[in-house]
Amino acid sequence: MATGLGSLECVKPINNNVGCPPQNGASALHDQPLSTISCPDSTLGRHLARRLVEIGISDVFSVPGDFNLTLLDHLIAETGLTNIGCCNELNAGYAADGYARSRGVGACVVTFTVGGLSVLNAIAGAYSENLPVICVVGGPNTNDFGTNRILHHTIGLPDFSQELRCFQTVTCYQAVVNNLEDAHEQIDTAISTALKESKPVYISISCNLPGIPHPTFGKDPIPFSLSPRMSNKRGLEAAVEAAAAFLNKAVKPVMVGGPKLRVSKAHEAFIELADASGYALAVMPSAKGHVVETHPHFIGTYWGAVGTAYCGEIVESADAYVFVGPIFNDYSSVGYSLLLKKEKAIIVQPDRVVIANGPSFGCVLMKDFLQALAKKITRNTTAYENYHRIFVPDGQPLKCEPDEPLRVNVLFQHIQKMLSADTAVIAETGDSWFNCQKLKLPEGCGWCCRYEFQMQYGSIGWSVGGTLGYARAVPNKRVIACIGDGSFQVTAQDVSTMIRCNQKSIIFLINNGGYTIEVEIHDGPYNVIKNWNYTGLVDAIHNGEGNCWTTKVRTEEDLIEAIETATGEKKDCLCFIEIIVHKDDTSKELLEWGSRVSSANTRPPNPQ
């Protein structure tokens with residue numbers, strides 16, 4: 001009897017009969033002494049599971065399929081790793097995205113092609129948002145590679161590379177594991193690349209490999225670690241000297257934080273520079289939650305014409321601005337309408353600093369640059385003093401009359417009162433972007449990303465899976481999700497998974513009868529959706545199993561009662577609160593933003 005398992009070799013059939021297995025057996029096994037195998041746990045599947053736990057993952061989001069079932073067996077056998085079964089692959093990917101926003105890395109497991117192409121949109125979103133998501137796909141049996149066989153879950157061609165080619169543009173590394181000899185190297189390289197690049201990776205594992213022991217998969221492998229990245233010392237010194245000279249001669253400089261603060265883990269260094277410089281401090285909309293909003297010089301969100309009142313005027317009138325980790329696109333620039341000048345700007349990216357129209361300094365890490373610049377900068381509070389002089393506090397929404405239909409601005413006034421260090425906010429694509437931007441995050445809520453939304457990719461429906469994943473990552477916080485009815489219809493099923501996982505999030509479902517954000521960009525009958533009985537749907541999903549509470553809200557009195565119940569008697573339940581509002585009840589910022597984005601979208605072609 002062969003007791004040692006070595007490398008599993010691909011064996012091709014010796015005939016061309018359709019559907020006939022290889023006549024010389026499924027695989028070739030080299031005899032090895034038993035001592036070369038550490039133990040039965042030294043398998044590919046357990047190695048992957050241990051690596052996920054080592055990098056901080058305790059939950060994987062999955063949809064089972066016949067190509068990944070054995071792999072899932074080995075993942076769930078690992079102590080410290082929990083499988084969260086999702087209703088579909090798209091939501092599994094969104095959940096891994098939400099999880100990565102808090103834990104720093106997430107993972108999902110799907111089956112070959114039908115699962116892979118379904119999760120692809122979520123992985124593209126994670127790529128655009130600079131999130132390391134490990135996307136694991138159960139792949140074909142090793143014996144089927146290189147044959148002329150047609151497999152199920154494919155498009156009917158004997159070429160198994162279609163899924164891989166799709167993932168190549170939305171992941172930073174792709175590993176196809178179809179033999180044991182280099183599986184250890186491929187898995188470790190994929191995981192380390194995801195963490196270093198802060199982007200998703202794709203790992204395909206043949207369905208007949210996860211349970212096979214191999215000497216490289218020791219039960220106690222060398223702990224996973226990454227070599228620290230370092231700045232070029234001379235480049236760093238030159239960048240700091242040039243930046244300090246540029247800023248110290250400015251009259252009213254400002255600082256603006258961007259979303260790549262997360263990638264660079266430079267939140268504390270950014271605040272260190274703010275403290276040392278005394279500059280007025282703002283964030284781009286996609287960086288909300290990355291900077292403490294209780295900082296004494298914080299002036300709000302810089303989003304051009306739709307940002308915090310007086311913030312845009314202070315930033316755009318400055319004679320020097322430091323943008324740290326920015327992403328300038330048509331949405332963040334409000335249809336390319338920002339009034340910024342390149343010659344006034346210092347752009348600090350994760351590993352590069354550009355000062356005005358030049359010079360540019362490469363191999364300079366953001367964190368190192370900010371910390372070194374803080375020691376060289378001359379304190380200058382002029383811009384903040386100007387802001388303080390012109391600032392007028394926000395007005396309050398008009399008081400609702402008894403039984404008056406609830407207005408959106410009143411809703412968010414009450415959501416503001418719910419925020420604390422024990423809450424986190426998820427904002428869906430749509431008018432919630434603009435209403436949630438105006439929420440003031442208290443101490444502890446807004447440090448290192450207790451506020452999340454998907455601005456770069458803007459995929460409607462993201463927040464349902466995102467809420468599921470984020471809530472798994474921060475079980476000590478109560479997630480408050482603001483979701484529009486149109487977005488909810490895309491991904492509603494995984495409220496089921498939230499209930500099954502005993503989550504206690506509060507979902508405000510804003511029912512205004514359509515895709516409101518699209519209406520303000522370009523209206524048409526396609527933006528009107530079929531109205532659902534949303535609370536009835538969630539009640540049906542609940543089906544008496546688990547803890548879930550639903551209610552409909554039409555007036556401010558209803559809202560006050562619902563929030564009291566959700567935060568009191570039902571504080572340990574998933575609470576689903578349907579907010580019924582007028583179809584034209586939108587924020588003024590969406591009206592302005594939609595007009596400007598529409599103008600950018602409808603620019604005529606340049607003359608040929």
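**Exercise 1. Identify the buried residues of helix 13 and state what covers them.**

*Solution.* The buried residues of helix 13 are V408, V410, L411, F412, H414, I415 and M418. Here, buried means under 20% relative accessible area, exposed over 50%, and partly exposed in between (1.4 Å probe, protein chains only). Helices (H or I, at least four residues) and strands (E, at least two) are DSSP runs, numbered from the N terminus. The model is predicted, so local features need pLDDT of at least 70 and side-chain atom pairs count only at pLDDT 80 or more, while totals for chains, interfaces and linings use all residues. Residues are numbered from 1 along each chain as its sequence is written, and side-chain values use heavy atoms, with hydrogens and water left out.

The second step concerns the cover. The buried residues of helix 13 are covered by elements that include strand 14, helix 14, strand 16, strand 17, helix 20 and strand 19. Contact means heavy atoms within 4.5 Å.

**Exercise 2. Describe the sheet that contains strand 14, and the helices that lie across its strands.**

*Solution.* Begin with the order of the strands. Six strands form an open sheet in the order 15-14-16-17-19-18, with parallel pairing. Two strands pair if DSSP finds at least two bridges between them.

Next, consider the edges. Strand 15 (451-452) and strand 18 (548-553) each have a single partner strand, so one side of each is left without a neighbour in the sheet. Strand 14 (residues 423-427) is joined to strand 15 by two bridges, and these strands run parallel. I426 has E452 in strand 15 as its bridge partner.

Finally, place the helices. Helix 13 (residues 408-418) lies across strand 14, strand 16, strand 17 (506-511) and strand 19 (574-580), and runs at about 170° to strand 17. Helix 20 (residues 556-567) lies across strand 16, strand 17, strand 18 and strand 19, at about 170° to strand 18. Axes are lines fitted to C-alpha atoms, for helices over the stretch in contact, and angles run from 0 to 180 degrees between N-to-C directions.

**Exercise 3. Locate P475 and decide whether it is buried or exposed.**

*Solution.* P475 lies in the loop between helix 15 (462-473) and strand 16 (478-484). P475 counts as exposed because its relative accessibility is 56%. In sequence, P475 and S505 are 30 residues apart; in space, their C-alpha atoms are 9.8 Å apart.

**Exercise 4. Describe the sheet that contains strand 1, and the helices that lie across its strands.**

*Solution.* Six strands form an open sheet in the order 2-1-3-4-6-5, and the pairing is parallel. Strand 2 and strand 5 (174-177) are the edge strands, each pairing on one side only. From one strand to the next, the twist averages 20°.

Now examine the pairs. Strand 1 and strand 2 (residues 82-85) are joined in the parallel sense over four bridges, and V60 stands opposite N83 in strand 2. Strand 5 likewise pairs with strand 6 (residues 201-206) in the parallel sense over four bridges, with V176 opposite S204 in strand 6. Both faces of strand 1 (residues 59-62) are covered: D59 and F61 are buried on one side, V60 and S62 on the other.

The helices follow. Helix 2 lies across strand 1, strand 2, strand 3 (106-111), strand 4 (133-139) and strand 6, running at about 150° to strand 3. Helix 4 (residues 114-128) lies across strand 3 and strand 4, at about 155° to strand 3. L69 belongs to helix 2 (residues 69-76) and is partly exposed, with a relative accessible area of 41%.

**Exercise 5. Characterise the lining of the largest pocket.**

*Solution.* The largest pocket is lined by 48 residues, of which D394, G395, K438, K440 and E589 lie nearest its centre. On a 1 Å grid over the protein atoms alone, a pocket is an open set of points where a 1.4 Å probe fits, with protein on both sides within 12 Å along at least five of seven lines; lining residues have an atom within 4 Å of a point. Helix 13 gives the most to this lining, with six residues. By class, the lining of the largest pocket divides into 19 nonpolar, 17 polar and twelve charged residues. Ala, Val, Leu, Ile, Met, Phe, Trp, Tyr, Cys and Pro count as nonpolar, Asp, Glu, Lys and Arg as charged, and the others, Gly among them, as polar.
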